[in-house]
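Student: Could you walk me through this structure? I'm new to it, so please spell out the terms as we go.
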Amino acid sequence: MTSALPADRRALGTAIACYGLWGFMPLLFMAMAQAGFSAPEILAHRALWSVLFAGGLVILAGQVGQARRVLLTPRTLGWLALSTLMIAVNWGIYVWATTTHHTLEASLGYYINPLLNMAAGMVLFRERIDRWGWAAIGLAVIGVILQTVALGRPPWLSLVLALSFASYGVIRKRVQADAQTGLFVECLLLLPFGAAFLIWAGSIGHTVGFSDPLHWFWSIASGPATVLPLALFAWSARRLPLSTIGFVQFLAPTLQFAIGVAAGEPMTPLRALSFVFIWAGAGVFALGALFRSRAARRAVAASEPA
């Protein structure tokens, strides 16, 4: 009887790098804001420069033919247009949040996201939720309620971030295209809007991205900062158990949370308590994924001939 091999260390390191880059992303947008970039201009530059880097990944992965087929298939292109809308909403709100001292709310959204994915799987794909899943969702709900009381309003920013990214994931499950190809087409669909905004804003003197070499650097950096983490994720996700991904994915919002605290965003005792419940829900989610993965490996091992 064979035993399951341990997770590839390189894949684990790649996953940590991926979520680490996503976690440190607020620092890039904060630096761009300090350099004079507005949130809409940052989003426009992401759309503009991501096309070049995403296109490079498509070429390196030998997926040019797949990209051409997607662009010529109306149904697939329609689904990707819908996913583009969701990712544009997500990017836009996230950039605005991290450049206006709402990074803590943004991190809350990405803690909620995997739990929302679980609920979406149950409703849309009839996936079963075990007791670990229900416990995680229950703890997250308590955390959101406490956050609502602490803020004096529902955490709309967090909820829209979580809903838009969960919707993006659901839509992408229906698209017959690899991650790199899908991202390239999405960036291609966003390109006209980003370019139009930059042309219009430039005509009235409201852009800074092309004003000097430093601003050019920040503008271009938004491209690989958008594309590279997704490429690392696509590579590592194919080589790691879901339970491992379940643990590592909470690295990004944890880093975002630390950045928000370090930036001096308000942290009241009640707000801190809300994050305790969110962290507890994340921990239960990750443990549940670990136990399910171990049970699945034992079942496979038991079915193999001695």
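Student: Which helix holds Phe165 and Tyr168, and how many residues apart are they?

Tutor: Both lie in helix α7, residues 156-173, and they are three residues apart, about one turn of the helix. Helices here (H or I, at least four residues) are DSSP runs, numbered from the N terminus, as are strands (E, at least two). This is a predicted model, in which local features need pLDDT of at least 70 and side-chain atom pairs count only at pLDDT 80 or more, while totals for chains, interfaces and linings use all residues. Residues are numbered from 1 along each chain as its sequence is written, and side-chain values use heavy atoms, with hydrogens and water left out.

Student: How many aromatic pairs are there, and what is the geometry of the one between Phe165 and Tyr168?

Tutor: Rings of Phe, Tyr and Trp (its six-membered ring) pair if their centres lie within 6.5 Å, and planes under 30 degrees apart count as stacked, over 60 as edge-to-face and the rest as tilted. By this rule the count is 15 aromatic pairs. The pair of Phe165 and Tyr168 is stacked, with 5.8 Å centre to centre and 20 degrees between the planes. Ring pairs also link these two with Phe29, Tyr94 and Tyr110 into a cluster.

Student: New topic: where is Thr181, and which side chains does it make polar contacts with?

Tutor: Thr181 lies in helix α8, residues 179-203, and counts as buried because its relative accessibility is 0%. Its side chain makes a polar contact of 2.9 Å with the side chain of Gln63, and a polar contact of 2.9 Å also joins it to the side chain of Gln66. A polar contact is a pair of N or O atoms within 3.5 Å; within protein, one must be able to donate a hydrogen and the other to accept it, and residues adjacent in sequence count only if both atoms are side-chain atoms.

Student: And what else does Thr181 touch?

Tutor: Not counting residues up to four places away in sequence, Thr181 touches Val58, Ala67 and Val70 as well as Gln63 and Gln66, where contact means heavy atoms within 4.5 Å.

Student: What about Ile129, where does that sit?

Tutor: Ile129 is in the loop between α5 (103-125) and α6 (131-151), and it counts as buried because its relative accessibility is 11%. Leaving aside neighbours within four places in sequence, Ile129 is in contact with Met118, Ala119, Met122, Trp134 and Ile137. The C-alpha atoms of Ile129 and Ala119, ten residues apart along the chain, are separated by 7.9 Å.

Definitions and conventions: Buried means under 20% relative accessible area, exposed over 50%, partly exposed in between (1.4 Å probe, protein chains only).
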